[in-house]
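Subject: Structure for you to look at

Hello,

Here is the structure I said I would pass on. My notes on what was found in it follow below.

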Amino acid sequence: MSGDRVGIVGIGQSAFRARRDDANYPELVREAVVLAMADAKMDFDAIEGVVYSLSPDAMIGIGNAERLGVDAVGGRNKPFLRINTGGATGISAVAAAYYHVASGMFDVVLTAGADKVGECGDSQSVLNKIWDPSYERPLPLGTINMLAMSGVRYMQQTGMTEVDMARVTVKNRRHASLNPNAHLRKVVTIDDVLESRIISWPIKLLDCCPQSTGGAALVLASEKYIRDNHLDAVWITGVAHAAETYWMGDRMGNNPTAEHAGAHALGRSFEKSYRMAGITDPMKQVHVAELYAPFSNTEFHSIDAARIGGAIGDSVPRLRDGEFDIGGRIPVNPSGGTLCTNAIAVTAMARVAETALQVWGRAGAHQVAGAKLGIASGNGGDHQIFGTMVIEA
Amino acid sequence: MELLGRQEVWSITYDHALGETASSFYTRIRDEAAIYGRRSAGNGRVMVPPRSFSDETLLPTEDWVKVGPGGKIEAFTMVYESFKNLPPPPYAFGYVLLDGADTALGGFFKGVDLSDPAAAAEKLKIGTRIMTKFAAERKGEMLDFWFEVDSPAR
């Protein structure tokens, strides 16, 4: 590929925290946008269109909050679209920005958003509302117990234990302690995780992501614009999405198309983005991965789906052996990942941003030495809509 | 400086139409104390809960099929944390493949002692046979039925 690639030229991320009482919602979006614009060394006039990253309104308690976002992103008189694919929203927004540029209709596009999950007193009550009112709403479904059931099936199929799950948290907290933007940065031990209270067995408190507040923004540009303006960039070389059935009960039973223990459509999405980027052996070609995994157990099936941990379930002993640590074979979530920071509307954008910073060599204390090719993913809905990217220096 | 906040509560009422297929599923539960699925045209899969069309063949489903009351556990969890607007913990629920069905149906597991999580997880392990139980007074809703672990064969 030459001459028609799409590059990332600017990155802005908040220092994510439980709450930000000093900033309301649009102010938080603007904070990330200003950081990204400064990083791109670009004036707002250069931005030709905006893709807005915003997941369920009820999480921030503002209906159609993209209305407030227009001013925060400098969207007056510009094309402006909102994207919502649940937890995948952030990577879907970057993908939509990518399509704008790749189509040839735009040279420079901004994508941005923010979330204030820490202000929502009832996030699992909000998430229960993503189940259909005809059949499943009367059950106490939420994202935690939905993925606890995935974990139960994964345990049965691969032998993963509660201790293996705890190791994911221990690794990611150690990584987050090196990342000043991460929300949960305290290093913990396996015993700390095992002794934390059970939320939805086998998931315990320290197997769970936090409810985070913060924003993120990226500026994307065409290769021609980047060359003409002598900008520095990293390149999005693979982009894909894949969805699977709404029905969790169809991901089990007799001969399911997808398997709830795993992340079937995430695997399909990775296949497509690898093909686009010309990657034939991800075990050898991928240097770093930022995979969306809000609960410890789900990091294993994400590694499986990305095909960077061998056969399904091999990710478990490989993680135990340190292969996915910073300094290991393919570091996974060197930022600490979703497990340590989850501002839902921009969590999957942070996966792209962190991967971009890694291959750019700008990740600071959590930099993976020599990383030139990275992958990012986002999972949305009832583990249903998945987005993936390959990013290269 | 002094930073101020503002509390807001959303309480919104919806009257959802369930549609013909779900309505029939619930009236059968209410009137017959039985679970029915829909057989999918093209691949013959019995979908429970019943859907009016198959996401695989993309064709309308063909006929009603009575499933259960026996079945086996496909997924479970025990919830020990309290969440607003959700039931008081602890409780166990999950998905069951009813006999004659191809897809799993969600419901509560009752009659399992949840005081020891590891022991409860063993009682509810995947593959465990269950029996569907129906409330004596049924309203035509999901909570009219639940699952209990089958007593071991003697």
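In this predicted model, strand 1 (residues 35-40) of chain B is joined to strand 3 of chain B by six bridges, in the antiparallel sense. One of the paired positions is B:Arg38, whose bridge partner in strand 3 of chain B is B:Trp64. Both strands belong to an open sheet of three strands in chain B, ordered 2-1-3, with antiparallel pairing. Strand 2 (46-47) and strand 3 (61-67) of chain B are at the edges with a single partner strand each, so one side of each has no neighbour in the sheet.

Chain A has an open sheet of nine strands in the order 3-2-4-7-1-8-11-10-9, and its pairing is mixed. Its edge strands, strand 3 (80-83) and strand 9 (288-290) of chain A, pair on one side only. On average, neighbouring strands in this sheet are turned by 25° against each other, direction ignored. Within it, strand 10 and strand 11 of chain A pair over eight bridges in the antiparallel sense, and A:Gly374 stands opposite A:Ile391 in strand 11.

Two helices of chain A to look at are helix 4 and helix 14. Helix 4 lies across several strands, including strand 1 (6-13) and strand 2 (49-53) of chain A, and runs at about 165° to strand 2. Helix 14 of chain A packs on the sheet, and its direction makes about 175° with that of strand 10 of chain A. The axes of helix 4 (residues 89-102) and helix 14 (residues 344-360) of chain A come within 5 Å and cross at roughly 60°. The residues of this contact are nine nonpolar, three polar and one charged; among them are A:Ile91 and A:Val94 from helix 4, and A:Met349 and A:Arg351 from helix 14.

Helix 10 (residues 264-277) of chain A has 14 residues, which at 1.5 Å a residue should span 20 Å; its end C-alpha atoms are 20 Å apart, in agreement. Its buried residues include A:Leu266, A:Phe270 and A:Tyr274, and the buried residues pack against elements including strand 8 (234-243) and helix 12 (296-305) of chain A. Just after helix 10, A:Gly278 takes a positive phi of about 75°.

Finally, the two chains touch: the contact takes 40 residues from chain B and 38 residues from chain A. Strand 4 of chain B gives the largest share of chain B's side, six residues. By class, that side has 24 nonpolar, eight polar and eight charged residues.

Regards

Technical notes. Residues are numbered from 1 along each chain as its sequence is written. Chains are lettered from A and ligands numbered from 1 in the order in which they are written. This is a predicted model: local features need pLDDT of at least 70, side-chain atom pairs count only at pLDDT 80 or more; totals for chains, interfaces and linings use all residues. Two strands pair if DSSP finds at least two bridges between them. Helices (H or I, at least four residues) and strands (E, at least two) are DSSP runs, numbered from the N terminus. Axes are lines fitted to C-alpha atoms, for helices over the stretch in contact, and angles run from 0 to 180 degrees between N-to-C directions. Two residues are in contact if their C-beta atoms, placed from the backbone, lie within 7 Å. Ala, Val, Leu, Ile, Met, Phe, Trp, Tyr, Cys and Pro count as nonpolar, Asp, Glu, Lys and Arg as charged, and the others, Gly among them, as polar. The expected span of a helix is 1.5 Å times one less than its number of residues. A residue is buried if 20 or more other C-beta atoms lie within 10 Å of its own, exposed if 12 or fewer, and partly exposed in between; C-beta atoms are placed from the backbone.
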